[in-house]
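I open this notebook to record what I looked up, entry by entry. The sequence and the structure come before the notes.

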Amino acid sequence: MGTCTRHPEKEARCQCLKHNVWLCDDCLRCRDPELYCKNRSACLIWFIEKRRKRLRRAEQAATALQAPPPPGGDATDGTAGCKTDSRDCAFGNE
Ligand SMILES: [Zn+2]
């Protein structure tokens, strides 16, 4: 166990074998996903990052299903009622 390369005060949970650096929970992601990594199949950082991405995608899908109600319905009704009232008032005066 070491300390995070970017946060010396934090305890690092995983080691990036590609760059040979220790990463804390905040920094826990692959720095060069494009770069070939011979340790990737056994890389805990890569595994956690992949799992996190899948979770986020599932959350977005769930949010999209719960469509919010159409906005502005009350405001339109209020304006229409106001116009009707003033016209009634004018008719009453004549
Ligand atoms: Zn860190």
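Where is the place of Thr 5? I found Thr 5 in the loop between β1 (2-3) and β2; strands are DSSP runs (E) of at least two residues and helices are runs (H or I) of at least four, numbered from the N terminus.

Basis of the entries. I note that this is a predicted model, in which local features need pLDDT of at least 70, side-chain atom pairs count only at pLDDT 80 or more, and totals for chains, interfaces and linings use all residues. Residues are numbered from 1 along each chain as its sequence is written.

Confidence. I looked up pLDDT, the predictor's confidence in each residue, from 0 to 100. The chain has a mean pLDDT of 83, with 77% of its residues at 70 or more.

Layout. I recorded two helices and four strands, in the order β-β-β-β-α-α from the N terminus on.

Thr 5. I looked up its surroundings and found 17 C-beta neighbours inside 10 Å, so Thr 5 counts as partly exposed. The cut-offs, with C-beta atoms placed from the backbone, are 20 or more others within 10 Å for buried, 12 or fewer for exposed, and partly exposed in between. Leaving aside neighbours within four places in sequence, Thr 5 is in contact (C-beta atoms, placed from the backbone, within 7 Å) with Val 21, Trp 22 and Leu 23. From Thr 5 to Leu 23 I noted 18 residues in sequence and 6.2 Å in space, C-alpha to C-alpha.

Trp 22. With the neighbours within four places again left aside, the contacts of Trp 22 include Thr 5, Cys 4 and Ala 12.

Core. Which residues make up the largest nonpolar core? I listed seven: Cys 4, Ala 12, Cys 14, Cys 16, Trp 22, Leu 23 and Ile 45. At least two residues of this core come from each of β3 and β4. Such a core is a set of buried Ala, Val, Leu, Ile, Met, Phe, Trp, Tyr and Cys residues joined through C-beta atoms within 7 Å. Of the 94 residues of the chain, 7% count as buried.

Asn 20. I located Asn 20 in the loop between β3 (14-16) and β4 (21-23). Its phi is near 55°, a positive value in a residue other than glycine. Asn 20 counts as exposed because it has 8 C-beta neighbours inside 10 Å.

Helix α1. One of the 22 residues of α1 is buried, so the helix lies largely in the open.

Technical notes:
Two residues are in contact if their C-beta atoms, placed from the backbone, lie within 7 Å.
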